[in-house]
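Have the sequence and the 3D view open as you read.

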Amino acid sequence: MLKRIAPLLTVLLSVLLDTAVIPVFYCGRFALPLSLIVVILIGVQLGRTYGLLYGTIAGLLLDVTAGTLGMKLFPYIAIGFLIGFLLDQQPEIDRSMDRIERLNILAIRMIWIAVLVAVYEVVMLLLQYFSTAVFTWVYVGNLAIRVALITVLTQLLHPVFHRLYAGKASRGGGGRSTREVKHF
């Protein structure tokens, strides 16, 4: 039961932290959107449909609380769907793989996350420029730092969210049933 509602609870908790808790303690230029990280992790773990659904929920809740409909909704939908779509056929990292395979999977995942977050940050930078008509190169440096932090934080939280969404790993022997089937 927890496996079914865990994505919704994490999205609601991340939106609550993004809108009510974190701005009280820190409102600087390196404030990371936790809801974006959660949407990325849902897209990676559960696929493009769930990424799209929970990206819609997170983006809509953020836009309703901020009063700007569409500013976060469409990028969160696109990121949730695209990360699930791009990493759809990628296997999960386990101990049976050799080191090169694990690093290859991790590198591909990190590259796609960094690319999608960088596109999101550039779009937000352009929206900021068109609303304020102010641009300095410090914004680009901050953008690069936020992209790196979000990518690293996503990879650090990946095992925790995998355990939360996938549940406990089974220790059974191959998944064979021990029941006998009798034919009459």
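Asp88 and Arg48 join their side chains in a salt bridge, with 3.8 Å from N to O. (A salt bridge here is a side-chain nitrogen of Lys or Arg within 4 Å of a carboxyl oxygen of Asp or Glu.) Asp88 sits in the loop between α4 (73-86) and α5 (99-132), while Arg48 belongs to helix α3 (residues 48-66), so the pair ties together parts that are 40 residues apart in sequence. Helices are DSSP runs of H or I with at least four residues, and strands are E runs of at least two, numbered from the N terminus.

A word on the source: this is a predicted model, where local features need pLDDT of at least 70 and side-chain atom pairs count only at pLDDT 80 or more, while totals for chains, interfaces and linings use all residues. Residues are numbered from 1 along each chain as its sequence is written, and side-chain values use heavy atoms, leaving out hydrogens and water.

The structure holds two salt bridges. The other one pairs Arg146 with Glu121, their closest N and O atoms being 2.8 Å apart. This pair also links distant parts of the chain, with Arg146 in helix α6 (residues 138-166) and Glu121 in helix α5, 25 residues apart.

| Residue | Relative accessibility | Class |
|---|---|---|
| Asp88 | 38% | partly exposed |
| Arg48 | 32% | partly exposed |
| Arg146 | 16% | buried |
| Glu121 | 6% | buried |

Next, the backbone. Ala133 has a phi near 60°, a positive value in a residue other than glycine. Most residues other than glycine have a negative phi. You'll find Ala133 in the loop between α5 and α6, and at 60% relative accessibility it counts as exposed.

Now for the core. The largest nonpolar core has 30 residues, and Val11, Leu36, Ile40, Tyr76 and Ile83 have the most contacts inside it. (That means buried Ala, Val, Leu, Ile, Met, Phe, Trp, Tyr and Cys residues joined through side-chain atoms within 4.5 Å.) Two or more residues each come from α1 (2-25), α2 (34-46), α3, α4, α5 and α6, with α2 giving the largest share, eight residues.

Zoom in on Tyr76: leaving aside residues up to four places away in sequence, Tyr76 touches Pro33, Ser35, Leu36, Val39, Gly55, Ala58, Gly59, Leu62 and Tyr120. A contact means heavy atoms within 4.5 Å.

Note on methods:
Buried < 20%, exposed > 50% of the residue type's maximum accessible area, 1.4 Å probe, protein only.
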